[in-house]
Amino acid sequence: MTVGDRIRKKRQMLGISQTELAEKAKISKQTLYKYEKNIITNVPSNKIEEISKILNVSESYLMGWDKNLNKENSDLIPDILSDSDLLQHIKKLMCLNNEHRQAIYDNTTYWYEKEGH
């Protein structure tokens, strides 16, 4: 997987459009497209830093040096993998389109906040 592949995958997982990510990263949509399609493979370090913050991943993950998304989330991986129901739901969630994913995210946030977390 390339830097561009990891940017695209994480952006899509978060339901962020190319336009939205480009605006937040202060780059053109065309430049982001070129990153994601591996037309530009030497992404400037300041853009790696900015994009990693927006996508909530480590810079080393985007660069392919670290397989974990970030240290905070890496502790969750064993829990997710050991819960077969949760894992099956995550697999199903990843197959849904962005609109349906967002509805589930919104519902999860609602219940999370309702329980006082």
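**Group meeting: pairs, bridges and one buried lysine**

The structure holds 1 aromatic pair. Tyr110 and Trp111 form it, edge-to-face, at 5.0 Å centre to centre and 80° between the planes. For the term: rings of Phe, Tyr and Trp (its six-membered ring) pair if their centres lie within 6.5 Å, and planes under 30 degrees apart count as stacked, over 60 as edge-to-face, the rest as tilted. Tyr110 is partly exposed at 45% relative accessibility. Trp111 is partly exposed at 44%. Buried means under 20% relative accessible area, exposed over 50%, and partly exposed in between (1.4 Å probe, protein chains only).

A word on the model. It is predicted, so local features need pLDDT of at least 70 and side-chain atom pairs count only at pLDDT 80 or more, while totals for chains, interfaces and linings use all residues. Residues are numbered from 1 along each chain as its sequence is written, and side-chain values use heavy atoms, leaving out hydrogens and water.

Next, salt bridges. The whole structure has 4. A salt bridge puts a side-chain nitrogen of Lys or Arg within 4 Å of a carboxyl oxygen of Asp or Glu. One of them joins Arg11 and Glu36, at 2.6 Å, N to O. Arg11 lies in helix α1 and Glu36 in helix α3, so the pair ties together parts that are 25 residues apart in sequence. Helices here are DSSP runs (H or I, at least four residues), numbered from the N terminus. Arg11 is buried, at 8%. Glu36 is buried too, at 2%.

Another bridge links Lys24 and Glu20, at 3.2 Å. They sit 4 residues apart in helix α2, so about one helical turn separates them.

Stay with α2, residues 18-25. Which of its residues are buried? Gln18, Leu21, Ala22 and Ala25. Just after α2, Lys26 takes a positive phi of about 60°.

Finally, Lys47, in helix α4, residues 45-55. Lys47 is buried yet has no salt bridge. The nearest side chain of opposite charge (Lys and Arg count as positive, Asp and Glu as negative; His and the chain ends are not counted) is Glu50, 6.3 Å away. What does the side chain of Lys47 reach at 3.5 Å? The backbone oxygen of Lys26. Beyond neighbours within four places in sequence, Lys47 is in contact (heavy atoms within 4.5 Å) with Ala25, Lys26, Ile27 and Tyr35.

How values were computed:
Helix = DSSP H or I, 4+ residues; strand = E, 2+ residues; numbered from the N terminus. Polar contact = N/O pair within 3.5 Å; in protein donor to acceptor, adjacent residues only side chain to side chain.
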